[in-house]
Amino acid sequence: MSIWWSLHLRRDAASVPLARRLFMGTMETAGVDPDISYDLSVALSEACANAVEHGGSTAIGGTAGAYRVTAYLDGETCRIEVADSGPGFPPTKTRTLSRPVSVQAENGRGLCLIRELADHAHFVNKPGRGGAVVSFDKILKWRKDAPLMAAV
């Protein structure tokens, strides 16, 4: 069995814990191992925080714009995508992510943290329309009583 869900969220700091709570509830209900769920939820929070901070300019009239979170649980893998409509990554940004960031740095650790917590991570710009897409996946472990695994 596989499931997916997608959220369209305002670029507001309050949307980050909301996305995380919804994700954690889904993972718990599906029967995913809590340690795997936690790692993915931290990575999701980092991706959402980046979308809130860098994902576009505030529109005329005070609205903050939006970003999209999509999560897929398919078999043994969970894939998460966070897409915004901001300026995207600078051309050199994705090439420098493999370098460690100083522990004293106030910014720039989120994408490195995502890369460490996930099995695979991709940071790309949307072609043509602007915006960034942060996607990552992780192989799942299941609790013995996992509802999704009982249906397989």
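**Exercise 1.** Work out which residues lysine 141 touches in this predicted model, leaving out those up to four places away in sequence.

*Solution.* Start by locating the residue: lysine 141 sits in the loop that links strand 5 (132–139) to helix 4 (147–150). Next, collect its contacts, skipping anything up to four places away in sequence: you get Gly31, Val32, Asp33 and Ile36. Then check another part of the chain: glutamate 76 is 65 residues apart from lysine 141 along the chain, yet their C-alpha atoms are separated by 7.4 Å.

**Exercise 2.** Decide whether lysine 141 is buried or exposed.

*Solution.* First, grab the relative accessible area, which is 54% for lysine 141. Now hold that against the cut-off: exposed means over 50%. So lysine 141 counts as exposed.

**Exercise 3.** Find the strands that pair with strand 3, and say how they run.

*Solution.* Take strand 2 (residues 66–74) to begin with: it pairs with strand 3 in the antiparallel sense, over seven bridges. Within this pairing, leucine 73 stands opposite cysteine 78 of strand 3. The hairpin of strand 2 and strand 3 has two residues between the strands, and glycine 75 there takes a positive phi near 65°. Now turn to strand 5: it also runs antiparallel to strand 3, and seven bridges join the two. Here arginine 79 has aspartate 137 in strand 5 as its bridge partner.

**Exercise 4.** Explain why strand 3 (residues 77–83) is described as largely enclosed.

*Solution.* Count the buried positions: five of the seven residues in strand 3 are buried. The strand is therefore largely enclosed by the rest of the structure.

Technical notes. Residues are numbered from 1 along each chain as its sequence is written. This is a predicted model: local features need pLDDT of at least 70, side-chain atom pairs count only at pLDDT 80 or more; totals for chains, interfaces and linings use all residues. Side-chain values use heavy atoms; hydrogens and water are left out. Helices (H or I, at least four residues) and strands (E, at least two) are DSSP runs, numbered from the N terminus. Buried means under 20% relative accessible area, exposed over 50%, partly exposed in between (1.4 Å probe, protein chains only). Contact means heavy atoms within 4.5 Å. Two strands pair if DSSP finds at least two bridges between them.
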